[in-house]
Amino acid sequence: MYTQALDVHGREPVPAAAAEVAAAAARFQARIDADEKIEPKDWMPDAYRQTLIRQISQHAHSEIVGMLPEGNWITRAPSLRRKAVLIAKVQDEGGHGMYLYSAAETLGISRAQMFEQLLSGAAKYSSIFNYPTLTWADVGAIGWLVDGAAIMNQIPICRCSYGPYARAMVRICKEESFHQRQGFEIMLTLARGSAAQHAMAQDALNRWWWPSIMMFGPSDADSKHTAQSMRWKIKRFSNDELRQKFIDITVPQARFLELSIPDPALRWDEATQHFSSGPIDWNEFHAVLKGSGPCNRERLEARRSAHQAGAWVRAAATAHAAKQAARALASQEARQA
Ligand code: BYC
């Protein structure tokens with residue numbers, strides 16, 4: 001829907017000389033500073049375009065790969081109601097991927113190129129989806145913590161400077177809120193259930209807490225993109241700011257569930273009015289990003305084989321579209337004759 005009527009030049013003339021580029025960049029930054037939305041046909045610095053392509057495509061890949069760990073539990077959900085809700089949630093994630101691929105396409109990259117980057121391992125997707133879902137409680141923990149972290153990160157993106165990305169995020173965030181609540185409700189049911197169910201919920205929290213904290217990305221000191229992305233209002237808060245907001249909101253929820261956060265150093269800091277937490281294992285984070293997480297290989301293999309299995313669907317859809325276009329052209333020519 002976003003890709004209609006795109007032209008490569010944009011509304012402003014393409015600046016040629018260095019001085020013109022600098023002037024166009026200054027006008028562009030002034031628009032950002034005035035909180036104007038940048039639209040696909042507007043002139044934009046190439047680095048802004050590339051940053052958005054990187055972030056939006058990684059985000060889209062995360063949604064699609066994110067379907068796998070939860071999809072793993074659809075056949076084993078403990079009741080029909082849980083199964084129906086989980087199917088709807090996993091389907092929502094697929095939809096989020098589609099909106100995001102569409103938003104990225106407005107920047108001049110094709111969906112086929114983005115898939116190629118994912119399947120070849122050139123593009124990243126969120127570290128969180130390289131962890132396994134071992135029990136039903138993991139489905140609850142993902143909804144509560146992973147979708148909870150996603151909302152914290154994504155609500156500010158509804159105010160991102162790039163129009164198509166910002167607009168896609170509005171609906172995504174509404175759906176993520178539903179996902180977070182369904183996850184919390186699963187955790188609440190387990191935490192208030194039998195001792196074995198409570199233990200299962202605690203075990204899931206133990207395994208998902210730190211990976212969820214890592215979803216926000218490297219610490220601000222090590223984040224190579226944050227400063228520029230904040231100047232461009234692609235990011236509205238830094239990684240550490242969002243991580244802290246998530247911890248502050250989630251710790252009281254864990255207490256309500258009567259579950260313990262697996263961080264012995266966690267304490268309320270009166271001076272800062274924030275929870276202070278223990279050190280994050282950045283070695284683990286970097287290992288997962290480099291492909292050595294518990295499920296990296298499995299996730300990419302699943303995506304590659306799904307892509308291969310879907311080849312005939314893409315071929316059929318392409319042939320159908322060509323047939324429709326040929327028919328439309330023939331009837332237009334017949335009308336003109
Ligand atoms: N995993 O300079 P930085 C969801 C990479 S939730 C993997 O801070 P930036 C869902 C980063 O890409 C998840 N890689 O980067 C929820 C960069 O590498 P490159 C998806 C990570 O972009 C439930 C490098 O580390 N959400 O969708 O300023 C169910 C340096 O980082 C991670 C989004 O994508 C990570 N956790 O900030 C289903 C939200 N963290 O590209 C689905 C949109 C960092 O230079 N994205 N890296 O090779 C963002 O907000 C930002 O891109 C990030 C990173 C905060 C993630």
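Accessible areas here come from the Shrake-Rupley method with a 1.4 Å probe, and for residues only the protein chains shown count as cover. I began with the surface: the protein chain exposes about 16,800 Å², and 58% of that belongs to carbon and sulfur atoms.

I noted the ground rules next. This is a predicted model, in which local features need pLDDT of at least 70, side-chain atom pairs count only at pLDDT 80 or more, and totals for chains, interfaces and linings use all residues. Numbering runs from 1 along each chain as its sequence is written, and side-chain values use heavy atoms, with hydrogens and water left out.

**Overall fold**

I looked up the secondary structure and found 13 helices and two strands. These are DSSP runs numbered from the N terminus: helices are H or I with at least four residues, strands are E with at least two.

I then checked the dimensions. The C-alpha trace spans about 80 × 50 × 30 Å along its principal axes.

Buried residues make up 46% of the 337. Buried means under 20% relative accessible area, exposed over 50%, and partly exposed in between (1.4 Å probe, protein chains only).

I also looked at contacts, meaning heavy atoms within 4.5 Å. Of those between residues at least 6 apart in sequence, 77% join residues at least 24 apart.

**Cysteines**

How many disulfides does the structure hold? I found zero, with a disulfide taken as a pair of cysteine sulfur atoms within 2.5 Å. Cys158 is in no disulfide; its nearest cysteine sulfur, that of Cys173, is 3.9 Å away. Cys158 counts as partly exposed because its relative accessibility is 21%. Cys295 has 4%, so it counts as buried.

**Tyr131**

I located Tyr131 in the loop between helix H5 (111-119) and helix H6 (136-154). Is Tyr131 buried or exposed? It counts as buried, at 11% relative accessibility. Leaving out residues up to four places away in sequence, Tyr131 touches Pro69, Trp208, Pro211, Met214, Glu284, Val288, Pro294, Cys295 and Arg299. I also took its C-alpha distance to Gln308, 177 residues apart along the chain: 24 Å.

**Gln202**

I found Gln202 in helix H8 (residues 195-214). Gln202 is buried, with a relative accessible area of 15%. Leaving out residues up to four places away in sequence, Gln202 touches Leu259 and Ser260.
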